[in-house]
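Each label attached to a model rests on a value and a cut-off. The questions below ask how one leads to the other.

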Amino acid sequence: PIITHTEILSRAIRSIEQEIDTWRERCERIPDGEQMLKDATADLAAKLDAIKELYRIETGSDYE
């Protein structure tokens, strides 16, 4: 099977978004979980932004 750069980037974006959502669900159950969420997902958010930028460069459009 053939996989394109665009598909790889799309899959990476979805994977990171799912991981952030998992952290969000965990932290919702904890008092003052907002700071924990920020701390736990800071690195993921930076990676997500970088991959979305690569997607934009590759495709010429924003990931939606």
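Q: What makes a residue buried, exposed or partly exposed?
A: Buried means a relative accessible area under 20%, exposed means over 50%, and partly exposed covers what lies in between. The model to which these terms are applied here is a predicted one.

Q: Why is Ala12 called partly exposed?
A: Ala12, which lies in helix 1, has a relative accessible area of 25%. The C-alpha atom of Ala12 is 8.3 Å from that of Leu48, although the two residues are 36 apart along the chain.

Q: How do you know whether Asp32 is buried or exposed?
A: The relative accessible area of Asp32 is 72%, and since the cut-off for exposed is over 50%, Asp32 is exposed. Asp32 is found in the loop between helix 1 and helix 2, and its phi is near 55°, a positive value in a residue other than glycine.

Q: Why does Ser10 count as buried, and which residues does Ser10 touch?
A: Ser10 has a relative accessible area of 11%, and because this is under 20% the residue is buried. Ser10 is found in helix 1 and, not counting residues up to four places away in sequence, touches Tyr55 and Tyr63.

Q: What makes Tyr55 and Tyr63 an aromatic pair, and why is the pair given its name?
A: By the rule applied here, the count comes to one aromatic pair. The ring centres of Tyr55 and Tyr63 are 5.2 Å apart, within the 6.5 Å limit, and their planes stand at 90°, which is over 60, so the pair is edge-to-face. Tyr55 is buried, with a relative accessible area of 13%, and Tyr63 is buried as well, at 19%.

Q: How do you know that the charged end of Arg26 sits over the ring of Trp23?
A: The charged end of Arg26 is 5.0 Å from the centre of the Trp23 ring, where the distance limit is within 6 Å. The definition also asks for a position within 35 degrees of the ring normal, and the pair is listed as having the charge over the ring.

Q: What makes up the largest nonpolar core?
A: The core consists of nine residues, namely Leu9, Ile13, Ile16, Ile20, Leu44, Leu48, Ile51, Tyr55 and Tyr63. The elements that give two or more residues to this core are helix 1 and helix 2. Ile51, leaving aside its neighbours within four places in sequence, is in contact with Leu9, Ala12, Ile13 and Ile16.

Key: Residues numbered from 1 in each chain as written. Predicted model: local features only at pLDDT ≥ 70, side-chain atom pairs only at ≥ 80, totals over all residues. Heavy atoms only, no water. Helix = DSSP H or I, 4+ residues; strand = E, 2+ residues; numbered from the N terminus. Buried < 20%, exposed > 50% of the residue type's maximum accessible area, 1.4 Å probe, protein only. Contact = heavy atoms within 4.5 Å. Phe/Tyr/Trp six-rings, centres within 6.5 Å; stacked < 30°, edge-to-face > 60°. Core = buried A, V, L, I, M, F, W, Y, C linked by side-chain atoms within 4.5 Å.
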